[in-house]
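Have it open while you read, and go through the points in order.

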2 protein chains.
Amino acid sequence: MITGKNYIGNELSADGNVVYTTINPKLNIENSWSCTEATSDEIDRAAELSWKAFKAYRNTSQGDRANYLNAIADEIEALGDELISTYCLESGLPEGRAQGERGRTLFQLRSFAEMLKTDSWKLTSRHEAIPDRTPIPMQDLRKSVIPLGPVAVFGSSNFPLAYSTAGGDTASALAAGCPVIVKSHPMHAGTGELVASAIIAAAKKTNMPNGVFSNLNSKGIEVGVRLVKHPRVKAVGFTGSIKAGRALYDIANARPEPIPMFAEMGSINPVVITQRSLEAKGTQWAETYAGSITLGTGQFCTNPGLILGIASPELDSFASHLANKIVEIDPMCMLHPNIKAAYSNIKSEVTSQDGVQVLTATLDTENNFADQAVAVVDGTRFLANPNLHKEVFGPFSIIAKCENEAQLLEIIEGLDGQLTGTILAEDSDIASLTEIVDELQQRVGRIIFNGVPTGVEVSPSMNHGGPYPASTDSRYTAVGTDSVKRWVRLISYQSFPNELLPSELKNG
Amino acid sequence: MITGKNYIGNELSADGNVVYTTINPKLNIENSWSCTEATSDEIDRAAELSWKAFKAYRNTSQGDRANYLNAIADEIEALGDELISTYCLESGLPEGRAQGERGRTLFQLRSFAEMLKTDSWKLTSRHEAIPDRTPIPMQDLRKSVIPLGPVAVFGSSNFPLAYSTAGGDTASALAAGCPVIVKSHPMHAGTGELVASAIIAAAKKTNMPNGVFSNLNSKGIEVGVRLVKHPRVKAVGFTGSIKAGRALYDIANARPEPIPMFAEMGSINPVVITQRSLEAKGTQWAETYAGSITLGTGQFCTNPGLILGIASPELDSFASHLANKIVEIDPMCMLHPNIKAAYSNIKSEVTSQDGVQVLTATLDTENNFADQAVAVVDGTRFLANPNLHKEVFGPFSIIAKCENEAQLLEIIEGLDGQLTGTILAEDSDIASLTEIVDELQQRVGRIIFNGVPTGVEVSPSMNHGGPYPASTDSRYTAVGTDSVKRWVRLISYQSFPNELLPSELKNG
């Protein structure tokens, strides 16, 4: 049941007077429940409680934390249809997507529980004592990791489950031994509260300390800013826009005690298609990419927003084929009127730049349904105009027709950091792709051969992140069990008695 | 031979007109050579050259980089007596220390060369394709790391070799595949140039690209600031003061493209001594700590600057024994008149706080020789007065006499982040130390049992770093082969042809 209240640890609380509702974007009406924004006092109480909880939670066994994560998954499953229907009402996304995303969320939680079955994720190291070493003896030295402390989590609008309240940031932080305070996303606050209730229920069932998890409603920026500034908060996980992410990142860095903030932000996910690929499979790729560009109404952080090729009749033909295919797809609903408005505005801005030609017929859409579009521009203009490098969050892609490979390489080298880069090529191209691969991998966190960037596997081999502004720290991933490394730090134990060592470093 | 010029890649250059000398702190006179500060144009040339070099250097084999690192070690050894005598003239440190530190520096370089014999440091991961997975096939996914790009290195004053021009930051960055631009330390610019000449000679002998290494003289802050702001610089390694480190850290974070900066900064390295330890070994520990506090004239980042015990006659006796022992040691020279002046000023500030009692007799010292000292204060005053928590860089330590264990724990929890924490205790204490260990490890990067914090092993099990302000990112170490992780980032390859994968990810 949605109460619209905050969870300050295990307690529901709604002391404030800022009340807001979520929107059903398909019908463009308000949903029937309303939420109360957390007050400064509630934020401070959540932070202090998380600190108190940290003292106990950091010393829980991995087995206990695994039980907690598995219980969270079970409790989310037990929310049943209410979760799915709330998700759909708040996001405009179809039921199949809600179910798929729930499955992914449960899998993430259970993957971390599985990871906690052994200590291998801690990358422990031991250097034996050498008492007779000269000039001074080598002391016994052992290294492991410990949790950073309470983590503030900012979920994204576009994945109300998998990258939100109980998403990858929360699951990885809880696995690490860090309490979590979620700044609830205002667009899916009801979904968020339902998931929060499951996390709280699981905490109670598995005897986790009160304060290991809190959920704070927020309408404006105040809750997030206060959380990131709070001295009890020791790290931040964020998924969202460059503008919001950078603002919070600057706040995290400017604290008297700066804290690590991992933000996964925007990306246009460039795709390079070779002449041979255009000749052999241009039509097929056009069809595949019409699907990838419109997947989730284009609201994927890995959405392919830029396609690079060398100008040729085959590239023109690919472009017009893509344009034709993409308008055959039924327009789909975006997440929120604000997101639809931003899509229309930025798309208009990009397509009104000099030399940009829109290839798609104008689609009639109502409410918050998006009119997918494809545009084309020559490589010289693309190189010269940074406005064309902006992310258009939605079902849109621009094709840059390069003069030659040198220009294509120059465009790649000049791109902002990206989550992904893709190469569409034939086997006979491979020998000549070394330079493109070398430059493209410098700009991206994941590089794909003959595929689409949309779809991010939850795997230890996944890197979801990339050079700034794809993320604020390209040395970490937001997806896969390695994402736990964001929330732990190193510690060495020198000449320590066995009884006082953490279990993973004890003898035998 | 010291020319006083900058190395812009392989070329010596001195276009500027800001000329400075280094100081012989023992005699308080200028050394006979002078150095020319790098101009803005020289900094930009070094940065552009490093970027050009990066394109080749990032694709060198690990074997080639290992050869380069080993050649650097050989060339530094070949500098022979000139390096040792220059080091001593510029630092006031004794010859034995110079030789020891050179040995450590060579060991570090060769350790990274050894690390590069295998790919295990890259922590690669592979997830096999599952073509028949439903609803969508699992693509082959492999993960590894690639270098970040050119790294700016700021060496410390107190280790002119091991944490400077060819120190751990430079060695780890070169091992990672990152070109290095050193901002030469003005206090040992001659030593720095000699080491730089060895790095350049090694680069030529092993056919490394011009620009893989540059060395820029600097007298003021301008060179460092311009380097950290430069768009071609992609990461920063720093060892030095909190003030300078934080200023540069803020600049690195405020860039349009923020870059990772690992700064190892100040620390007071708390030591806890139990009542039983005082009773059983108080005299012995007092003697040991008189040595640790004065090691390198107290100019170690791991210098024990705070000793915590519960008030008792045995703690008083320990304190007076320590005071007596420490003044028996001959005063030693500090690194520079500015460092001596800062030591005197901050020591005076700390010892003039309410309730602080200096236990040591005043020592007559001349030039830049330091008058080591020990002071004592009660725990309540220590808790209440942040001025007493300041690092006094030099041979000084303060003993805080706590009322009881609760106050001792409160002091520990309120400390800034530290490189190290030490517990001196008897075996019979161990069962009752759990809480102290739990709180102390939250504040430190390395925790030592019955030893001294001075002395940092170069080992994969070493963590040299800690919570802010001990370092700017407690998730990394500055010492040991794991320090290479600061300079590489993650990348995943999806469905990639074997021919285009990096060697460590290829089949078989």
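1. A quick definition before anything else: two strands count as paired if DSSP finds at least two bridges between them. Keep in mind, too, that this is a predicted model.

2. With that in hand, look at the sheet. Ten strands make up an open sheet with mixed pairing, in the order E5(A)-E6(A)-E19(A)-E18(B)-E17(B)-E12(B)-E13(B)-E16(B)-E15(B)-E14(B). At the edges sit E5 of chain A and strand E14 (357-358) of chain B, each of which pairs on one side only.

3. Within chain B, strand E12 (residues 270-273) and strand E13 (residues 306-310) run parallel and are joined by three bridges. Pro270(B), for instance, has Leu306(B) in E13(B) as its bridge partner. Helix H9 (residues 275-294) of chain B packs on the sheet, where it touches E12, E13, strand E16 (396-402) and strand E17 (418-424) of chain B. The direction of H9 makes about 150 degrees with that of E12(B).

4. Now the contact as a whole. Chain A puts in 52 residues and chain B puts in 52 residues. On the chain A side, at least two residues each come from strand E5 (125-127), strand E6 (141-147), helix H14 (434-443), strand E18 (444-449) and strand E19 (488-494). E19(A) gives the largest share, six residues. By type, the chain A side splits into 21 nonpolar, 20 polar and eleven charged residues.

5. How are the two copies related? Chain A superposes on chain B by a rotation of 180 degrees with 0.0 Å of shift along the axis, at an RMSD of 0.0 Å. That is what a two-fold axis does. In chain A, the C-alpha nearest the axis belongs to Asn253(A), at 3.5 Å. The copies meet through the same surface, because 100% of the interface residues of chain A are also interface residues in chain B.

6. Last, the inside. The largest nonpolar core has 308 residues, and the members touching the most others are Leu69(A), Ile72(A), Leu69(B) and Ile72(B). What is Leu69(B) in contact with, leaving aside its neighbours within four places in sequence? The partners are Leu109(B), Phe112(B), Ala113(B), Ala171(B), Leu174(B) and Ala175(B).

How values were computed. Residues are numbered from 1 along each chain as its sequence is written. Chains are lettered from A and ligands numbered from 1 in the order in which they are written. This is a predicted model: local features need pLDDT of at least 70, side-chain atom pairs count only at pLDDT 80 or more; totals for chains, interfaces and linings use all residues. Two residues are in contact if their C-beta atoms, placed from the backbone, lie within 7 Å. Helices (H or I, at least four residues) and strands (E, at least two) are DSSP runs, numbered from the N terminus. Ala, Val, Leu, Ile, Met, Phe, Trp, Tyr, Cys and Pro count as nonpolar, Asp, Glu, Lys and Arg as charged, and the others, Gly among them, as polar. Copies are superposed by least squares on the C-alpha atoms of residues with pLDDT of at least 70 in both. A nonpolar core is a set of buried Ala, Val, Leu, Ile, Met, Phe, Trp, Tyr and Cys residues joined through C-beta atoms within 7 Å. A residue is buried if 20 or more other C-beta atoms lie within 10 Å of its own, exposed if 12 or fewer, and partly exposed in between; C-beta atoms are placed from the backbone. Axes are lines fitted to C-alpha atoms, for helices over the stretch in contact, and angles run from 0 to 180 degrees between N-to-C directions.
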